[in-house]
Amino acid sequence: MTLMINDIADVINISVSNPAESEYDIFVGLEHYDVGEPIITRYGSTKMLTTACKKFSAGDILLARRNVYLRRAGLVKFDGLTSGDSIVIRIKPNLSIEGVNSQEISRLLPFVLNTNAFWDFANTNSDGTMSKRLSPQMLLSYEFNLPPFSNQKPLADKLWAAYSLKASKLKLIDAIDEMVKSQFIEMFGDPVTNSKGWPTKPLSEVAP
């Protein structure tokens, strides 16, 4: 079946005028998105913010509306604030559409918003030239195909399992990298501080 984003989700625009003095500690800016990732895990602090922000809640999806060619959209699992350069998307409460699994659509939507088809649509329909911006109205008009009801949960399970596997592998690679660095420093000392006291020479003396 074919749906529009507007059929299943709303754009939320709740302003918080003084973020630094609000109840929220977490701020998600454009620098905290990971390109092509269906979930947002990085964030900063609201303590130094001086301009109004938008509120989001756990379970919402944030999409960077500026420079859409960078492909930035992801689910958040915490409450916080974001800038006006993000669009806050929330699955409609009490969603009841024949053929749509309301419990799974929120798990599928982050992947829908990270497809080539969606970003091609966003690039084509954004305003501006140098720094293209996608409007909330245009976002809500995007149409996508949803598999049959019986396939929606299995598909969501497979997509999130693949994401979890990828995330675990990346963590393992980071851990191995840190282990190699530690082993190098243990054997040869810190190259920055020369903790082993190795004799040093200018590069020009040892290389042509």
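A residue is called buried when its relative accessible area is under 20%, exposed when it is over 50%, and partly exposed in between (1.4 Å probe, protein chains only). By this definition, 38% of the 208 residues of the chain count as buried. The structure is a predicted model, in which local features need pLDDT of at least 70 and side-chain atom pairs count only at pLDDT 80 or more, while totals for chains, interfaces and linings use all residues. Residues are numbered from 1 along each chain as its sequence is written, and side-chain values use heavy atoms, with hydrogens and water left out.

The chain contains six helices and eleven strands, which are DSSP runs (helices H or I, at least four residues; strands E, at least two) numbered from the N terminus. The radius of gyration of the chain is 22 Å, well over the 17 Å given by the globule rule for 208 residues, so the chain is more spread out than a compact globule. This radius is taken over C-alpha atoms, and the rule is 2.2 Å times the number of residues to the power 0.38. The C-alpha trace spans about 75 × 45 × 35 Å along its principal axes.

A contact means heavy atoms within 4.5 Å. Among contacts between residues at least 6 apart in sequence, 71% join residues at least 24 apart. Ser86, found in strand 10 (residues 86-91), is buried, with a relative accessible area of 0%. Leaving out residues up to four places away in sequence, Ser86 touches Leu30, Tyr33, Lys54, Leu63, Ala64 and Arg65.

Aromatic pairs were counted for rings of Phe, Tyr and Trp (its six-membered ring) with centres within 6.5 Å; planes under 30 degrees apart count as stacked, over 60 as edge-to-face and the rest as tilted. The count comes to eight aromatic pairs. One of them joins Phe118 and Trp119 edge-to-face, at 4.9 Å centre to centre and with 70 degrees between the planes. Both Phe118 and Trp119 are buried. One aromatic cluster is formed by Phe118, Trp119, Phe121 and Tyr142.

Most residues other than glycine have a negative phi. Arg71, which is not a glycine, has a positive phi of about 60 degrees. Arg71 lies in the loop between strand 7 (61-64) and strand 8 (73-75) and is partly exposed, with a relative accessible area of 25%. Asn94 also has a positive phi, near 55 degrees. The loop between strand 10 and helix 2 (105-112) holds Asn94, which counts as exposed at 79% relative accessibility.
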